[in-house]
Amino acid sequence: MTRAESAESWLLQRCGRWSASLLSGFSEPFPCCRCSCRRRLLSGIMVCFRLAPVPGSGFLLLCLVLGTVSSYALELNLTDSSKATCLYAKWQMNFTIRYETTDKHNKTVTISDFGAATYNGSICGEDQNSPKIAVQFGSGFSWIVNFTKEASSTSTYLVDSISFSYNTNDNTTFPDAKEKGVFTVNNRVALKIPLNDIFRCNSLSTLEKSGVVQHYWDVHVQAFVQNGTVSTTEFLCDKDKTVTTAVPIIPTTAPSPTKPVVGSYSVVNSNGTCLLATMGLQLNITHDKVASVFNINPNTTSATGSCQPQTALLRLSSSNIKYLDFVFAVKNENRFYLKEVNVSMFLVNGSVYSISNTNLSYWDAPLGSSYMCNKEQTVSVSGAFQINTFDLRVQPFSVTEGKYSTAEECSADSDLNFLIPVAVGVALGFLIIVVFISYMIGRRKSRTGYQSV
């Protein structure tokens with residue numbers, strides 16, 4: 001059997017749930033198994049398989065899947081010199097970086113596009129070295145996970161540490177960063193895993209340090225694969241064990257009177273920043289006849305999304321919000337508007353509250369401009385779910401140099417609003433004067449008609 005045929009067999013085993021659509025989508029069977037990489041959009045999924053050598057560690061086989069929200073699932077199968085699997089991992093992740101701008105404001109950017117990632121430095125465990133996953137992507141981004149065996153135990157190992165580096169010299173991603181250079185955030189994890197089990201954590205996990213928030217979910221990893229066979233015995237993270245008994249998060253008391261903090265969000269693709277949004281968000285939920293108000297904290301909220309010619313998506317998520325989607329669309333080839341909102345979040349009893357409306361019409365503005373409304377607005381998704389926005393500004397299309405274009409203001413912000421009551425007052429005053437003059441003329445004629453002859 002050739003190496004390409006072996007790779008194809010492995011793909012069918014590991015990626016069988018996609019195989020039917022994948023095989024039918026390529027003009028030739030598995031061209032990537034001949035050391036090339038090819039992408040094609042299939043039913044909303046971008047797929048790329050690559051078989052590439054990793055120095056000192058045999059061959060690296062990975063599957064990248066891009067869903068409709070530009071969220072990549074990375075799957076890595078690392079083999080040793082005898083072509084036996086020695087490390088297996090599959091996971092999804094994104095990074096939110098908060099940095100100071102030249103005008104002394106804080107700005108947030110989310111990194112979620114790993115389509116051009118490389119894996120130089122990923123290695124299996126050896127006598128001299130411990131296993132390591134190393135990923136490089138974008139302009140100067142890198143992510144490294146180190147694993148170690150416990151000296152005191154032969155049955156467990158550790159996810160020892162995770163480091164993430166970013167380069168603010170990248171003017172596409174950080175066009176207005178005050179401090180330029182490479183910054184690295186190191187997080188000590190020390191997660192103990194049984195040696196013969198595969199670690200699984202479908203729940204959202206978060207690491208936050210030095211202005212960087214790292215989100216991970218749908219994680220499967222076995223750093224020390226025994227005898228070339230990935231284990232079927234799962235070791236679950238604590239969140240997956242207790243998913244049905246989530247800690248209450250949303251208050252059930254009276255609505256909070258406080259105004260939400262305004263946050264800045266952006267979506268970045270291969271061409272740079274493609275979507276900008278600045279807004280304070282307040283969620284109004286009615287469930288089982290109980291009304292709750294929840295202010296979104298931008299400092300603990302990550303933003304991902306995607307930008308297409310006719311649609312754009314901003315997805316917000318946090319520890320208690322699985323996703324809050326704002327979907328924008330183009331209409332009449334010259335305007336954009338908010339077409340759809342989808343939300344899924346944890347309620348007080350640990351259950352998941354989800355709702356969607358795909359037929360909205362808010363935040364309408366010309367293409368090439370932004371939409372702005374400083375006054376409070378309400379997006380009514382349903383009778384039980386509304387979103388109040390404050391100091392809103394959004395541009396989902398035609399972003400240039402990472403900056404907002406000229407804004408079209410909402411009617412509530414328009415300076416002409418004061419003319420409406422003035423015009424009504426003037427009209428009423430004029431009507432009163434006309435009535436008064438008519439009355440005086442009529443009265444005078446009446447007196448003249450009764451004069452004695």
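Me: How many aromatic pairs does a search of the whole structure find?

Reply: In this predicted model, the search finds 21 aromatic pairs. One of them joins phenylalanine 141 to phenylalanine 174, with 6.3 Å from centre to centre and 40 degrees between the planes. Phenylalanine 141 belongs to strand E8, whereas phenylalanine 174 sits in the loop between strand E9 and strand E10, 33 residues apart. Phenylalanine 141 and phenylalanine 174 are buried.

Me: Why is the pair of tyrosine 166 and phenylalanine 183 called stacked?

Reply: The ring centres of tyrosine 166 and phenylalanine 183 are 5.6 Å apart and their planes meet at 25 degrees; the centres have to lie within 6.5 Å for a pair, and planes under 30 degrees apart count as stacked, so this pair is stacked. Tyrosine 166 is in strand E9 and phenylalanine 183 in strand E10, 17 residues apart, and the pair links distant parts of the chain.

Me: Are tyrosine 166 and phenylalanine 183 buried or partly exposed, and why?

Reply: Tyrosine 166 has 7% relative accessibility, and buried means under 20%, so tyrosine 166 counts as buried. Phenylalanine 183 has 28% relative accessibility, a value that falls between the 20% and 50% cut-offs, and therefore phenylalanine 183 counts as partly exposed. Both residues belong to a cluster linked by ring pairs, which also includes Phe141 and Phe174, and among its other members are Trp91, Trp143 and Tyr216.

Me: What makes the contact between arginine 315 and tyrosine 323 a charge over a ring?

Reply: The charged end of arginine 315 sits over the ring of tyrosine 323 at 4.5 Å from its centre, and the distance limit for such a contact is 6 Å. Lysine 331 likewise lies over the face of tyrosine 337, at 5.3 Å from the ring centre.

Me: How do you know that arginine 315 forms a salt bridge with aspartate 325?

Reply: The closest N and O atoms of arginine 315 and aspartate 325 are 2.7 Å apart, which meets the requirement of a nitrogen within 4 Å of a carboxyl oxygen. Arginine 315 lies in strand E19 and aspartate 325 in strand E20, so the pair ties together parts that are ten residues apart in sequence. Aspartate 325 has 5% relative accessibility and therefore counts as buried.

Me: Which parts of the chain does the salt bridge of arginine 200 with aspartate 240 link?

Reply: Arginine 200 and aspartate 240 form a salt bridge whose closest N and O atoms are 3.2 Å apart. The pair links strand E11, which holds arginine 200, with helix H3, which holds aspartate 240, and the two residues are 40 apart. Both arginine 200 and aspartate 240 are buried.

Me: Why are glutamate 408 and arginine 335 said to tie together parts of the chain?

Reply: The side chains of glutamate 408 and arginine 335 meet in a salt bridge at 3.1 Å, N to O. Glutamate 408 is in strand E27 and arginine 335 in strand E21, so the pair ties together parts that are 73 residues apart in sequence. Glutamate 408 is partly exposed at 28% relative accessible area, and arginine 335 is partly exposed at 24%. Salt bridges with shared partners join Lys331, Arg335, Asp364 and Glu408 into one network.

Me: Why is isoleucine 433 called partly exposed?

Reply: Isoleucine 433 has a relative accessible area of 48%, and exposed would mean over 50%, so isoleucine 433 is partly exposed.

Key: Residues are numbered from 1 along each chain as its sequence is written. This is a predicted model: local features need pLDDT of at least 70, side-chain atom pairs count only at pLDDT 80 or more; totals for chains, interfaces and linings use all residues. Side-chain values use heavy atoms; hydrogens and water are left out. Rings of Phe, Tyr and Trp (its six-membered ring) pair if their centres lie within 6.5 Å; planes under 30 degrees apart count as stacked, over 60 as edge-to-face and the rest as tilted. Helices (H or I, at least four residues) and strands (E, at least two) are DSSP runs, numbered from the N terminus. Buried means under 20% relative accessible area, exposed over 50%, partly exposed in between (1.4 Å probe, protein chains only). A charge sits over a ring if NZ of Lys or CZ of Arg is within 6 Å of the ring centre and within 35 degrees of the ring normal.
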